[in-house]
Amino acid sequence: MNYLKGKKILLGITGGIAAYKSCELVRLLIKKEATVNVVMTENAKKFITPLTCQTLSQNPVIESTFDTMHGAEIKHITLPDEADAFVVAPATANFIGKLASGIADDFLSTIALAYTRPILIAPAMNVHMYENKIVQRNIKTLKDYGHIIIEPASGYLACGYEGKGRMEEPARILERIEYFLAPKDFSGIKAIVTAGPTREHIDPVRYISNPSTGKMGYALARKLAMRGARVVLISGPSTIEPPYGVELVRVTSAEEMMKKTEENLDDTAIFIGAAAVADFRPEKPVSQKMKKEKKEKKLTLTLVKTPDIISEVAKKLKDGIIVGFAAETENLMKNATEKMKKKGLDMIFANDLTAAGSGFGTETNSGYLINRDGTVKKFEIQSKEDLADQLLDEIIPELKKKLSR
Ligand code: PMT
């Protein structure tokens, strides 16, 4: 689900070099079908022009409290009242200091005081300014008043210094706005998601694995966290950036995944096994790189079974909901149903690997959610993010049913 569709986003831009990145944020918000109203401070206009923001946002930019361009409306009251989210990016030390002290001496600081809900604030400044105790105190004050600070990243700063102070990337700020707007129907619920492949090493440089990228599992973890769940994401090797608000536990092998799952199982209400876990591992992995012997034409590997993580979870988690995935190349429904029953799951997503754009490594997925009670729901091809949301819509009533028994 697109949590930004039709939402009104008020974006304040203050005077820092990171203002150029805010243009990209406006573009991303518009792409997500949000309505964007940009407010710029005098100093912001020295870095980027109002015309740029107006063109990107398709809305007039407000530059001054006494802006007469916007009719008789009292904009410093109506704009914050109508906004679904208020974001200030970049937020300079000056803006942060003014808000923390209740100063309203321009349009942006005036609407910030007139806004009654949390403001998402993305600081950007020189590392020494950011570390300054006064700035840190002001940031703490804003946090204490319930505002949301989108921490700056560390790295090379435009002023030539290295350190913390670089405004978070627009895509990550967008993600935080989505978190803010998402429904919180999973709040108070702990969920574990497994994702990605496992690697079963033969020697230090060779292993048995599969093409899972982790996209499906990471999408589920991100959506669960956005919707308020406490999420532990146990991931095999993956290059995907961890979603905000998720506790990421990195593992390599099936055995490690089992161990970390057991360690995190307490209080878990939902377990989703999206990982493609190896069913077998080499019996005797060797500690040094194997040498190729000239006379040997064959190499025989003895494989032993790995633990079936989801089956073990199903035995222990009697009050929770356990959802498996089954990626199949043939007899999709029969094989998936058998797996669900054999492993003692509540639901299984039958992932048709023969359907175009579905399965390993794709941005999209399609398939059928099979419930233990025999009902089946079809999911057409869509992004893994949207599918994750729709699967969660099916999981939450099942959990409620189970908990009410
Ligand atoms: O990561 P992506 O590139 O986005 O790809 C997503 C995916 C195709 C990997 C994912 O959507 C998917 O279908 N995952 C399940 C892969 C699979 O075929 O699993 P399986 O049939 O081997 O196992 C069935 C269930 O048991 C799964 O929930 C699996 O996580 C679990 N299992 C399997 C073996 C094992 N030793 N322990 C387990 O927990």
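How far apart should the ends of helix α14 (residues 384–404) be, at 1.5 Å a residue? The 21 residues of α14 should span 30 Å, and its end C-alpha atoms are 30 Å apart, which agrees. (The expected span is 1.5 Å times one less than the number of residues.) This is a predicted model, where local features need pLDDT of at least 70 and side-chain atom pairs count only at pLDDT 80 or more, while totals for chains, interfaces and linings use all residues. Residues are numbered from 1 along each chain as its sequence is written, and side-chain values use heavy atoms, with hydrogens and water left out.

**Helix α14**
- Helices here are DSSP runs of H or I with at least four residues, and strands are runs of E with at least two, numbered from the N terminus.
- Buried residues (under 20% relative accessible area, 1.4 Å probe, protein chains only) of α14 include Leu-387, Leu-391, Ile-395 and Leu-399.
- Why that spacing? An α-helix has 3.6 residues a turn, so residues three or four places apart point the same way.

**The sheet**
- Eight strands make an open sheet with mixed pairing, in the order β12-β11-β8-β13-β16-β17-β18-β19.
- At its edges sit β12 (246–250) and β19, each pairing on one side only; to pair, two strands need at least two DSSP bridges between them.
- Six bridges join β8 (residues 190–195) and β11 (residues 230–235) in the parallel sense.
- Val-193 faces Leu-233 of β11.

Conventions:
Buried means under 20% relative accessible area, exposed over 50%, partly exposed in between (1.4 Å probe, protein chains only).
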